[in-house]
Amino acid sequence: MTIHVGRRARDLTWLVALGAALWGTDAIFRQSLAQQVSAPTLVFAEHLVLVLVLLPFLPRSLRAFGRLDRRGKVAVLAIGAGASALATVLFTIAFRISSEHNDFVTPVVVQHLQPLVAIGGAVALLGEKVRTRFALFAVPAVVGVWLLAFPDPFDITVSRLGVVLLALAAAVLWAGGTVLGRLVATELEPVELTTLRFAFGLPTAAVLVAVSGNTFWVPDLGSAWAVVGLAIVPGLLAMVLYYVGLRRTAASRATLAELAYPVTGAFVGLMLGRSLHWSQLVGAAVIVVAVTGLSWHETKARNQAIEPAVVPSPVALPALL
């Protein structure tokens, strides 16, 4: 998605960076809960907090949902069930396994692959064309994941492979939510899609709790502050700041500002006591450079394609995903 910013518009790149940085604080809250609360219960509690916060917007959001056609309704349901509830459960499980290795970095940096998945999804679902140079960025990114996942690249362990697969599955679902969000972005206001995302994610999370056989639906009171912090800070607050800033930030600068997410995530991981092997540091750097290069290349190509236009394109308002 490309954002075109008028010359007189106040640049808000710093706000994009702040929102992305807040995403990176996820580990601060999640690490204190990872070994105490089951993943489905934690995700159910997160969604419950977010639905309560967004409750004033629920009636108008449901009315807007009712006006959608069948394809739009399916897209919104898939965003809530898959990109919100299931993806977060998978990420939480990956985070819990990686924390057993004192690794809070790998699941976070793997999420930086979402643009690659989103482009593939756009090709498959929206019929968009992929440029031939896509592989020049995708292949190094995959190599980077390999280096990041295994301190010794030739010593593959089942547990660490499981972390990568779970984190990648979450990335696929989150990126799929971005693609599906584009289907309904012109028919729903950002706050409506955000509210529907968590509202439909809540019953899905409840089903996951029931299927898991867990008898605890919410964490104990001692963990309540961490759950609320997790839902509000790297969740809702980060999302709002990011998209408000994105409205007045050129896509090329936003791509760089988004690096605050993996950088902050890595810093938090180190702060929590995790030291990375040199090959993992190389892998993380390769992922960031490859995905950022891809985003920059795509933005440049799209800008060149619209340069001859006499009338500037309007600002694209992204859905809160």
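**Helix packing**

Modeller: In α1, the residues Ala 17, Ala 20, Ala 21 and Trp 23 meet Ala 260, Tyr 261 and Thr 264 of α13, where contact means heavy atoms within 4.5 Å and helices are DSSP runs (H or I, at least four residues) numbered from the N terminus. This is a predicted model, in which local features need pLDDT of at least 70 and side-chain atom pairs count only at pLDDT 80 or more, while totals for chains, interfaces and linings use all residues. Residues are numbered from 1 along each chain as its sequence is written, and side-chain values use heavy atoms, with hydrogens and water left out.

Helix α1 covers residues 13-23 and helix α13 residues 260-271, and the two pack at an angle of about 40° with their axes 7 Å apart. By class, the contact of α1 with α13 has 6 nonpolar residues, 1 polar residue and no charged ones.

Helix α3 (residues 39-53) packs on helix α10 (residues 190-212) at an angle of about 155°, their axes lying 8 Å apart, and α3 is therefore roughly antiparallel to α10 (the term applies to angles over 145 degrees). On the α3 side the contact includes Phe 44, His 47 and Leu 48, and on the α10 side it includes Phe 198, Leu 202 and Val 209. The residues of the contact of α3 with α10 divide into 13 nonpolar, 4 polar and no charged.

Terms used
Axes are lines fitted to C-alpha atoms, for helices over the stretch in contact, and angles run from 0 to 180 degrees between N-to-C directions. Ala, Val, Leu, Ile, Met, Phe, Trp, Tyr, Cys and Pro count as nonpolar, Asp, Glu, Lys and Arg as charged, and the others, Gly among them, as polar. Angles under 35 degrees count as roughly parallel, over 145 as roughly antiparallel, 65 to 115 as roughly perpendicular and the rest as oblique.
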